[in-house]
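Subject: Structure handover

Hello,

Here is the structure I promised to pass on. Please open it first, then read my notes below.

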Amino acid sequence: MERRQTDDNMVVPKFMAADREFHFSIAEATRNPGLCEALENYWATRFIVIGQVFRRVEDQANDEHRDLFEAIEAGNADLAERTMVHHIELSRENAINLLHR
């Protein structure tokens, strides 16, 4: 995954769409309808708030996605779980920080 940082108005919507596709692909691969529904509900509420303040894509935005993808691709469930937990925690912290700007 490529790193880049820009204030171009089209980068944020493209990142948000790619981010959603990435996470939903993983959820769908679990074949767990409850997880997919929970993710859909989370996504809907997440971007109502964050979409109002999220103006640029951070340099490291895809690093966690790459790490998670690599863990899944390698079949390392433990590493994938730890990576996802870390990603959720950082995403939560970032959202809180955005709201306090």
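Contact here means heavy atoms within 4.5 Å. Take the contacts in the chain between residues at least 6 apart in sequence: 67% of them join residues at least 24 apart. Please keep in mind that this is a predicted model.

**The chain as a whole**

The chain holds four helices and zero strands. Along the sequence, the pattern reads α-α-α-α. The chain has 101 residues, and 28% of them count as buried. Its accessible surface is about 7300 Å². Carbon and sulfur atoms account for 53% of that surface.

**How α1 and α3 pack**

Two packed helices are described by the angle between their axes and the distance between the axes. Start with the pair α1 and α3. Helix α1 covers residues 11-29, and helix α3 covers residues 63-73. Their axes come within 12 Å. They cross at roughly 25 degrees. Angles under 35 degrees count as roughly parallel, so α1 and α3 are roughly parallel to each other. Their crossing is left-handed.

Which residues in α1 and α3 meet? From α1 come F15, D19, F22, H23 and I26. From α3 come H65, L68, F69 and I72. By class, this contact has six nonpolar, two polar and one charged residues.

An α-helix has 3.6 residues a turn, so residues three or four places apart point the same way. You can look for that spacing when you view the pair.

**A closer look at α3**

The buried residues in α3 are D63, E64, H65, L68 and A71. What covers the buried residues of α3? The cover includes α1 and α4, the latter running over 77-99. H65 and L68 are buried, and both also take part in the contact with α1.

Now pick out E64, which is found in helix α3. Is E64 buried or exposed? Its relative accessible area is 15%. Buried means under 20%, so E64 is buried. Leave aside residues up to four places away in sequence, and E64 touches T83, H87 and L90.

Last, go just past the end of α3. There G75 takes a positive phi of about 75 degrees.

Best wishes

Terms used:
Residues are numbered from 1 along each chain as its sequence is written. This is a predicted model: local features need pLDDT of at least 70, side-chain atom pairs count only at pLDDT 80 or more; totals for chains, interfaces and linings use all residues. Side-chain values use heavy atoms; hydrogens and water are left out. Axes are lines fitted to C-alpha atoms, for helices over the stretch in contact, and angles run from 0 to 180 degrees between N-to-C directions. Helices (H or I, at least four residues) and strands (E, at least two) are DSSP runs, numbered from the N terminus. Angles under 35 degrees count as roughly parallel, over 145 as roughly antiparallel, 65 to 115 as roughly perpendicular and the rest as oblique. A crossing is left-handed if the near helix is turned anticlockwise from the far one by less than a right angle, and right-handed if clockwise. Ala, Val, Leu, Ile, Met, Phe, Trp, Tyr, Cys and Pro count as nonpolar, Asp, Glu, Lys and Arg as charged, and the others, Gly among them, as polar. Buried means under 20% relative accessible area, exposed over 50%, partly exposed in between (1.4 Å probe, protein chains only). Accessible areas come from the Shrake-Rupley method with a 1.4 Å probe; for residues, only the protein chains shown count as cover.
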